[in-house]
Amino acid sequence: MEGLPRSALRNLERKLTFVPAGREFHDWHEPRGSQMRLMYFYFEPQKLKALSKRGITDLPDAPRLLFEDETLWHTALKLKTFVESSARDPIYFESLGTLLIHEVVRSACGIPSIQPQVQGGLAPWQLRLVTSYIQEHLNERIPIDTLAQLVHLSPYHFCRVFKQSLGMPPHRYQTNRRVEHAKVLLANRAGSMTEIGLAVGFSSPNAFATAFRKVTRITPSDYRRSVAPPMLCE
């Protein structure tokens, strides 16, 4: 995709790609089984004006290649199922399409998805307290014991119910939040790679680059080049 390095990812299961309008995109796949399927959704930019009163004025212009987002995935899957069915309900179809656009925007902007409360997981007050604490201490290494004590649970039980609620262990959640904050700093050119890595809690540029690439599939430098305006020299 224009603006991103070529991907050599082999496992495309549950992967999503967002191509902004005007970007060149070429894909080639070598099927690894008989069940490989792809689906493409196209959004006409001019039609987004009709959604402006509902909180959307523009789609993001940063490309994203083969990323994961559970909330966005399930919305796209619901729309795919509807398209392939024989259902005829234009209002429901339009609603699903609008929801998908909202989820694309939220995902691209790093806004946490609205997750349903999983039975047996953290209570709403516990979830708010823990996620807020993690967000406020992104540049620190937070022990599991500290998070568990916040919500009056044992470390073992806390890890289990945290994963039930958010679909991932606490350490991965914190890493993902660090990377999302780093995206904002990179887009705003808020310091060097080393400074941004330290600002979001990584001990070295290599640790920052490794974690960022694991989450986004691209390096921090490539991400900055794809979203940040060029610097002008006078």
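A cavity here is a set of grid points where a 1.4 Å probe fits but cannot get out. Keep that in mind for the first stop. The model on screen is predicted.

**Stop one: the cavity**

How many cavities of 30 Å³ or more does the structure hold? One. The largest cavity contains about 30 Å³ of space.

Select Phe-18, Arg-64, Phe-67, Leu-72, Val-104, Ser-107 and Ala-108, which line the largest cavity. Colour them by class. Five of the lining residues are nonpolar, one is polar and one is charged. Arg counts as charged, so Arg-64 is the charged residue of this lining.

Now show the secondary structure. Strand E2 (64–67) and helix H2 (90–108) are the elements that each give two or more residues to this lining. Which of the elements gives the most? H2 does, with three residues.

**Stop two: H3 against H5**

Select helix H3 (residues 124–136) and helix H5 (residues 155–166). The two pack at an angle of about 90°, and their axes lie 12 Å apart. H3 is therefore roughly perpendicular to H5, because angles of 65 to 115 degrees count that way.

Show side chains at the contact. From H3, pick Leu-127, Val-130, Thr-131 and Ile-134. From H5, pick Phe-158, Phe-162, Ser-165 and Leu-166. What is the make-up of this contact by class? Six residues are nonpolar, two are polar and none is charged.

**Stop three: a ring pair on H5**

Stay on H5 and keep two of its contact residues, Phe-158 and Phe-162. Their rings form an aromatic pair, with 5.6 Å from centre to centre. The planes are 50° apart, and the pair is tilted. Planes under 30 degrees apart would count as stacked and those over 60 as edge-to-face.

Why are Phe-158 and Phe-162 separated by about one helical turn? Because they are four residues apart in helix H5.

Zoom out to finish. The aromatic pairs in the structure come to seven, and Phe-158 with Phe-162 is one of the aromatic pairs.

Note on methods
Residues numbered from 1 in each chain as written. Predicted model: local features only at pLDDT ≥ 70, side-chain atom pairs only at ≥ 80, totals over all residues. Heavy atoms only, no water. Axes fitted to C-alpha atoms, helices over the stretch in contact; angles between N-to-C directions. Parallel < 35°, antiparallel > 145°, perpendicular 65-115°, else oblique. Contact = heavy atoms within 4.5 Å. 1 Å grid on protein atoms, 1.4 Å probe; cavity = no way out; pocket = protein on both sides within 12 Å on 5 of 7 lines; lining within 4 Å. Points joined across faces, edges and corners; volume = space filled by probe spheres on them. Phe/Tyr/Trp six-rings, centres within 6.5 Å; stacked < 30°, edge-to-face > 60°.
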